[in-house]
Amino acid sequence: MVDAVIKIENAVVVYRDSVALNGVSLKVDPGEFVGIIGPNGAGKTTLLTIVNGFTRLAGGQAWVLGQTVNGHNRHELRKQVGYVAQVENTDPRVPVNVREVVMMGRYGRLGLFHRPGASDRTVVDEALEMVGMSHLANRPIGQLSGGEQQRVGIARCLAQEPRIFLLDEPTASLDWKARADILELVKRIHDLRYLTTLFVTHDLDALPHTCDRVVLMKNGHIIGDGAPDKLINTETLSRLYDLPVPVVEERRPHIHRTGDVHRRDG
Amino acid sequence: MDFSIFGYQFMQNAILAAFLAGIVCSAIGVFVVLLHMPFIGVAMSHAAFAGALLGLWLDFNPLLGALIFSLAAASVIGPLADRGALSPETSLGVVFSLMLGLAFLFIGIIPSTRSAALDLLWGSILTVSRGDIVLLAIVAVVVIGMVVIFFKEIQATIFSRSVAMAVGLPATVILYAVLFLTGVTVTVTLRSIGGLLIFSLILNPAAAAYQLTYSMKIMFLLAAVFGVVSGWVGLIVSYLFDLPSGATIVLTSSVIFLLAVLFSPKRRVKQWENKAINGETAR
């Protein structure tokens, strides 16, 4: 039996006086592509960031790549975990260019007192090539569009050569084309690099194409876990988002009540 | 024009002090500008000022008091900003007003030291001692050394703390180190530049450099050049027109900033601020 890459048991996370996660357990095997969906405030990002130690547990335990996540090893663990968050507004005048941002992915692995060398530059060039950003390598990062900045963020993760890939709504605030491009890129990288990927998204249409498995979250609990084709249907969405079934049907006409997902691209 | 004044020891000390303070303050300024925390300088300098006054009052080395107070301010500002309970600006504002209150309290309690207090507020670069210069040189070497040795960590942290943390860098330690370096810098420049004027020498050269380059390395270099030029030109103007040197140094740095804004290639990027988050970048 293969050991799980990520194992979270009875995780409890508390922010000041509110409980963000209430006894959540999750096991992710090597190579899985897991989508995490749910309404705002469900605890999706909290669950995701347990993996890279951004979120500390008030209860329960988490193991990542065979190690317990704690205050002592989280810097070391993060070197093996790529993390892409939502596009942030970057000051267009910030004195950092695209190549430098991607090189930052190497910094953790290089460690203190070591400067990037020729091999690091090769890794960065390859990452830029893979996300189609080579032609903008010397452009100040703040002067890129949202979709392009997200590609750079993905290239930074690639340069990190991680084993786990965490994506926190990477397509939020992007237009339809940019969203589709990023999803296609993420899937391609997942397959090419044999990564284990956790992907928080609101993009329900994308899930069946990209994910092997979907985790549904609501009010700090996991309320569903399974194959997207089986799980994403009108009933579960109605339960997940507290909407009456007819409203879900009206808003999502391409999902049939049988639970089948009608793939618009055929 | 008579430049024999430059043969005097006090003037040579002042030139050296302006050189070192210009370099070290502008390096700190790059952090302050890129972290979008311009009030760090003003909060720290007033903390150092209050600490120095406490030293004068209780009869111990004012520099030690300044160092303790500015490091205490750094250790309060960091966690306050970090936990997100308050915005960084708010926590800096609270620390600033507390320190200002303490400083005025100490001035009120110890009227005999009022002129010494004013010296600390305005600084007097023309009376710096060799000891002050040695101290400044040590701090300059430490600050520049840290920037050179930990450039990649500093670059990532001031670009985005979450990115730095995500790739496995100790971003919080780096941020605190920057805050502590700011405290030390403010302390050692208190006597020469003064608690009130130090803020300008930290902010203006770095803000000017920010207008002119898209490279962080060049920004550090340009800021250092502007800092030193501000000090030296300010000293010359002060001598030529018999004006207070602190004021002429700060005004020179302000003029450099205005010129940088005027000739900034980044004025064009205004359009980017309103850019839609979607869409392709113009090739």
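This is a predicted model: local features need pLDDT of at least 70, side-chain atom pairs count only at pLDDT 80 or more; totals for chains, interfaces and linings use all residues.

The contact is made by 48 residues from chain A and 39 residues from chain B. Seven residue pairs are in polar contact between chain B and chain A, with both residues at pLDDT 80 or more, while the count of salt bridges between chain B and chain A is zero.

On the side of chain B that touches chain A, the elements that give two or more residues are α6 (130-149), α7 (151-159), α8 (161-166), α11 (216-241) and α13 (270-273) of chain B. Of these, α7(B) gives the most, with five residues. Sorted by class, this side of chain B has 21 nonpolar, 10 polar and eight charged residues.

## Salt bridges

Over all chains, the whole structure holds 15 salt bridges. One of them pairs Glu32(A) with Arg213(A), with the closest N and O atoms 2.9 Å apart. Glu32(A) lies in the loop between β2 (18-28) and β3 (33-37) of chain A, and Arg213(A) lies in strand β9 (residues 213-218) of chain A, so the pair links distant parts of the chain, 181 residues apart. Both Glu32(A) and Arg213(A) are buried.

A salt bridge in chain B joins Lys152(B) and Glu153(B), whose closest N and O atoms are 2.7 Å apart. Lys152(B) and Glu153(B) are both buried. In chain A, salt bridges with shared partners connect Glu32(A), Arg213(A) and Asp225(A) in one network.

Asp191(A) and Lys187(A) also meet in a salt bridge, at 3.9 Å from N to O. These two residues are separated by about one helical turn because they are four residues apart in helix α6 (residues 176-192) of chain A. Asp191(A) has a relative accessible area of 42% and is therefore partly exposed, falling between the 20% and 50% cut-offs.

Helix α10 (residues 198-212) of chain B has 15 residues, which should span 21 Å at 1.5 Å a residue. The end C-alpha atoms of α10(B) are 22 Å apart, which agrees. This helix is mostly covered, with 13 of its 15 residues buried.

In chain A, helix α10 covers residues 245-251 and contains Pro246(A). Pro246(A) has a relative accessible area of 54%, so this residue is exposed, the cut-off being over 50%. The C-alpha atoms of Pro246(A) and Thr234(A) are separated by 8.7 Å, and the two residues are 12 residues apart along the chain.

Notes
Residues are numbered from 1 along each chain as its sequence is written. Chains are lettered from A and ligands numbered from 1 in the order in which they are written. Side-chain values use heavy atoms; hydrogens and water are left out. Contact means heavy atoms within 4.5 Å. A salt bridge is a side-chain nitrogen of Lys or Arg within 4 Å of a carboxyl oxygen of Asp or Glu. A polar contact is a pair of N or O atoms within 3.5 Å; within protein, one must be able to donate a hydrogen and the other to accept it, and residues adjacent in sequence count only if both atoms are side-chain atoms. Ala, Val, Leu, Ile, Met, Phe, Trp, Tyr, Cys and Pro count as nonpolar, Asp, Glu, Lys and Arg as charged, and the others, Gly among them, as polar. Buried means under 20% relative accessible area, exposed over 50%, partly exposed in between (1.4 Å probe, protein chains only). The expected span of a helix is 1.5 Å times one less than its number of residues.
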